[in-house]
Amino acid sequence: MKEDNCLHAALICLGMLYYSHAITTEKLNHARPSLHGHHEKGKEGQVLHRSKRGWVWNQFFVIEEYTGPDPVLVGRLHSDIDSGDGNIKYILSGEGAGIIFVIDDKSGNIHATKTLDREERAQYTLTAQAVDRNTNRPLEPPSEFIVKVQDINDNPPEFLHENYHANVPERSNVGTSVIQVTASDADDPTYGNSAKLVYSILEGQPYFSVEAQTGIIRTALPNMDREAKEEYHVVIQAKDMGGHMGGLSGTTKVTITLTDVNDNPPKFPQSVYQMSVSEAAVPGEEVGRVKAKDPDIGENGLVAYSIIDGDGMDMFEITTDYETQEGVVKLKKLLDFETKKSYSLKVEAANVHIDPKFISNGPFKDTVTVKISVEDADEPPVFLKPSYIFEVHENAASGTVVGKVHAKDPDAANSAIRYSIDRHTDLERYFVINAEDGNIKTTKALDREEVAWHNISVFAVEVHKQHQEAKVPVAIKVVDVNDNAPKFAAAYEAFVCENARSNQQFITISADDKDDSANGPRFIFSLPPEIIHNPNFTLRDNRDNTASVLVRREGFSRQKQDLYLLPIVISDGGLPPMSSTNTLTIRVCGCDSNGSLLSCNAEAYILNAGLSTGALIAILACIVILLVIVVLFVTLKRQKKEPLIIFEEEDVRENIITYDDEGGGEEDTEAFDIATLQNPDGINGFIPRKDIKPEYQYMPRPGLRPAPNSVDVDDFINTRIQEADNDPTAPPYDSIQIYGYEGRGSVAGSLSSLESATTDSDLDYDYLQNWGPRFKKLADLYGSKDTFDDDC
């Protein structure tokens, strides 16, 4: 059977090749000219001459994807001058020549040696030429021809995308366009039906359909509901050969999502909501929440809540929480359980955005009843007023009643109330309050000029429930009393020129009063009665709370009097009025002709007779320069006294060994006791170094410890040298060794004569005569005292 199929395929290919060759031959025969030229008549009888041509053709054809065992015969080249003796050689050049297409240079047969793919290349342009085989001389001019690759249906359709995503509104009409899918076929669209595509739907019925020619997907069912099913998966097929049997196909997936429209009204899941709130709740506190369900999403599912009826419309309010789509019921005003124990509200939920297309599905709103019960709470006392303002005159006696506050218990128990003052607001304890009735009194006289207002706080506490308390602010105004006399507004100091003219004004003064405006201005200025006829100055009241001081006479002299004191009386406008006498200091000054101030010092005339100001400055400058020179001289002298170089003989590192021992008397002449050089602290063999701080404790070697009672000084010194050499804590320089040990004393006692020459002593030194010739000198000094006295 297999062999029959192969034979059948071979026969078909040979038939196609024969048919192609026949067509080519026919074309050649029709196109080939005669070997001899001939004449043709033109339209008007003109004779046309046609030149001789060896061959002329248009194109050859070869089927793509041929898989036969032998090369495919594409066609044959033949020239009229070819007599068949083999002297003509056919040459092929151009695209694919020698690689894909080969020619038999004797017969001119052209074969395709490789399988061709039209989708890779649809045609090839070649050039044929006939030359003399021996001389390679061209016998025919070159001629081009085309080899076209005939298409077969070997490419399936392919979609532009493997997956498509599309949206369409829910409730769309039948036939609403959703999306267009497009496929392409690599086969030749101009040859047969290999590239003619037809679309069909494999999955997604009966909801969607596809147009066979365009690939447009449309809705196929009416009133598709997103709330029932939101997403659909559709498979579209594209088939070539016009959809007939034997065609190739390709598929793609399309995910179609139904978008939401506002086709559902909000609905409350229940008809009544029960809530409760304490009477102690403050305005703005949340009472409860309600929620109407809307299956729509996005802005189509937005719900707004409102209170449309009920006896609690003034006490409660509702807002919308757009994150949770809930209605939040909040307290609007304070509640009182004793007044009203329950409220009822009618709440409406409505869509914010309504689609006119679905208005017939309405109404897009719903209502529900909300019942709110008020719970009793133990409330603190309540003052009858939110704040109190009282007045009291300053300087009022202690115990004066300021005012009264009152509070009550709002609960049904109506507990007794006790009052107290918050002492943080009355640190000076100006006021006290009666704990029973709330009367506020003063404890001392008040001064308005110190504190004009006192702001205190009063507590009200239930007697049996100390944690229940209330506080109210109390403002106490101190009413002014005229108890302060007016005074100068500033520390005035006036100046008058020596050449001042009569009635010339030289200063304007004003006054100040600590009392309130009712007890202050208008101020009245005057001179005391005893100097009202003052010969030097006079006063004029300007009646605007100021006064002007004028010169009464001409000609003032600083040498006679350079200072005047003018008393001025100032009275206020209070009842009764108060006054005070203030002194104005007036200095006499020298002025130029224009009245400009020059000098106010009486010593100015004296300075002219003595040294000038420039001379005084020069003298002071000389004194300063001399002081600077002295300081520099002293400083340089001190620096010279300090040595710049430390001489070698002053090096403190010199090896000085001090033996602080007084000696052993006569025993020193017989032998030297080395034990006197040993510190009792060093009996154990180790004497710590005191000139440095060792990094660690050094323990001497046992073999270097000298005998405690050794009398060999040389051994003792050598032992100390070895210890110093082996001591890791010893410094690399000489050091001072001090033996701070005085010794054990002498049996002869002290021989010092330091006190002999300055003090009288009754000691008897005759025993020195018995000590031998070595102490003869001492015996002569101390033992001959009596003889010396007798001689005197």
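Predicted model: local features only at pLDDT ≥ 70, side-chain atom pairs only at ≥ 80, totals over all residues.

User: Why is P576 called exposed, rather than buried?

Analyst: Its relative accessible area is 60%. Buried means under 20%, exposed over 50%, and partly exposed in between, with a 1.4 Å probe and protein chains only. So P576 counts as exposed, at 60%. P576 is found in the loop between β41 (563-571) and β42 (579-591). Strands are DSSP runs of E, at least two residues, and helices are runs of H or I, at least four, numbered from the N terminus.

User: Why is I623 called partly exposed?

Analyst: I623 has a relative accessible area of 43%, so the label is partly exposed. I623 lies in helix α3 (residues 613-641).

User: How many aromatic pairs are there?

Analyst: The count comes to 15 aromatic pairs. Rings of Phe, Tyr and Trp (its six-membered ring) pair if their centres lie within 6.5 Å; planes under 30 degrees apart count as stacked, over 60 as edge-to-face, and the rest as tilted.

User: What makes F208 and Y232 an edge-to-face pair?

Analyst: Their ring centres are 5.6 Å apart and their planes stand at 75°, so the pair is edge-to-face. The pair links distant parts of the chain, 24 residues apart: F208 is in strand β15 (residues 208-210) and Y232 in strand β17 (residues 231-239). F208 counts as buried because its relative accessibility is 2%. Y232 is buried too, at 6%.

User: Why is the pair of F537 and F556 called stacked?

Analyst: The centres are 5.7 Å apart and the planes meet at 15°, so this pair is stacked. F537 lies in strand β39 (residues 537-541) and F556 in the loop between β40 (546-551) and β41, so the pair ties together parts 19 residues apart in sequence. Both F537 and F556 are buried. F506, F537, F556 and Y564 form one aromatic cluster.

User: How do you know that K341 lies over the face of F337?

Analyst: A charge sits over a ring if NZ of Lys or CZ of Arg is within 6 Å of the ring centre and within 35 degrees of the ring normal. K341 is at 4.7 Å from the ring centre of F337. The charged end of K340 sits over the ring of Y343, 5.2 Å from its centre.

Key:
Residues numbered from 1 in each chain as written. Heavy atoms only, no water.
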